[in-house]
Amino acid sequence: MRKEEVKVLALQDELKEAEKEWDKTLDDIMAGKGNGVFGNEYDKAEKEAREKVERIKKRLKEAIGERDAYTDEEIDAIAGVMKPEELSPEEDAFLDNLADTFV
């Protein structure tokens with residue numbers, strides 16, 4: 001498994017946990033739990049949880065892009081760019097002899 005794939009899987013798990021925390025924060029707000037004046041403390045907690053989820057989603061999107069990006073070798077293969085083959089010593093000698101005949 002490539003490191004890019006591992007990063008995507010880790011961020012997916014992190015996102016699930018952050019969404020659970022956000023849901024718990026919303027549940028706590030609805031249940032009236034928490035400290036401070038109603039509104040201020042709740043708004044701050046909800047905003048922090050939401051922003052955390054948004055940051056992780058952004059990182060996940062970037063990681064998916066990195067994971068799905070083609071390598072240079074894959075781009076060459078798609079474009080039909082062939083790498084030169086290594087010649088055997090016999091083939092190399094034959095081509096040298098052939099070139100010498102035209103000199």
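Reply: Let's start with Glu46, which counts as buried because its relative accessibility is 17% (buried is under 20% relative accessible area, exposed is over 50%, and partly exposed is in between, with a 1.4 Å probe and protein chains only). Before going on: this is a predicted model, where local features need pLDDT of at least 70, side-chain atom pairs count only at pLDDT 80 or more, and totals for chains, interfaces and linings use all residues. Numbering runs from 1 along each chain as its sequence is written, and side-chain values use heavy atoms, with hydrogens and water left out.

Glu46 belongs to helix 2, which covers residues 40–68 (a helix is a DSSP run of H or I with at least four residues, numbered from the N terminus). What does Glu46 touch, once its neighbours within four places in sequence are set aside? It is in contact with Trp22, Thr25, Leu26 and Ile29 (contact means heavy atoms within 4.5 Å).

Thr25 is in helix 1, residues 3–31, whereas Glu46 is in helix 2. With residues up to four places away left out, Thr25 touches Ala45 and Ala49 as well as Glu46. Thr25 has a relative accessibility of 18%, so it counts as buried, and Glu46 is buried too, at 17%.

Asp23 gives you another handle on this spot. It also has its place in helix 1, but it is partly exposed because its relative accessible area is 45%. Between Asp23 and Glu46 there are 9.1 Å from C-alpha to C-alpha, for a sequence separation of 23 residues.

Side chains of opposite charge can pair when their charged atoms come close. The whole structure has 9 salt bridges (a side-chain nitrogen of Lys or Arg within 4 Å of a carboxyl oxygen of Asp or Glu). Among them is Glu14 with Arg59, whose closest N and O atoms are 3.5 Å apart. Glu14 sits in helix 1 and Arg59 in helix 2, so this pair ties together parts that are 45 residues apart in sequence. Both ends are partly exposed: Glu14 has a relative accessible area of 33%, and Arg59 has 39%.

Lys7 and Glu66 make another salt bridge, with 3.7 Å between the closest N and O atoms. Again one end is in helix 1 (Lys7) and the other in helix 2 (Glu66), so parts 59 residues apart in sequence are tied together. Lys7 counts as partly exposed at 41% relative accessibility, and Glu66 does at 42%.

Then there's a pair between near-in-number residues: Glu4 forms a salt bridge with Arg2, the closest N and O atoms being 3.4 Å apart. Glu4 is partly exposed at 22%, as is Arg2 at 35%.

Ala79 is in helix 3, residues 72–79, and it is exposed because its relative accessible area is 58%. Its C-alpha is 41 Å from that of Glu17, 62 residues away along the chain.

Helix 4 runs over 89–101, and Phe102 is in the segment after it. Leu87, Phe94, Leu95, Leu98 and Phe102 make a nonpolar surface patch of about 540 Å² (patch residues have over 30% relative accessible area and no salt bridge, with nonpolar side chains, meaning Val, Leu, Ile, Met, Phe, Trp and Tyr, joined within 5 Å and like charges within 9 Å; areas are Shrake-Rupley with a 1.4 Å probe, and for residues only the protein chains shown count as cover). Phe102 is exposed because its relative accessibility is 70%. Phe94, placed in helix 4, is exposed as well, at 54%. From Phe94 to Leu11, 83 residues apart along the chain, the C-alpha separation is 56 Å.

Note on methods: Helices (H or I, at least four residues) and strands (E, at least two) are DSSP runs, numbered from the N terminus.
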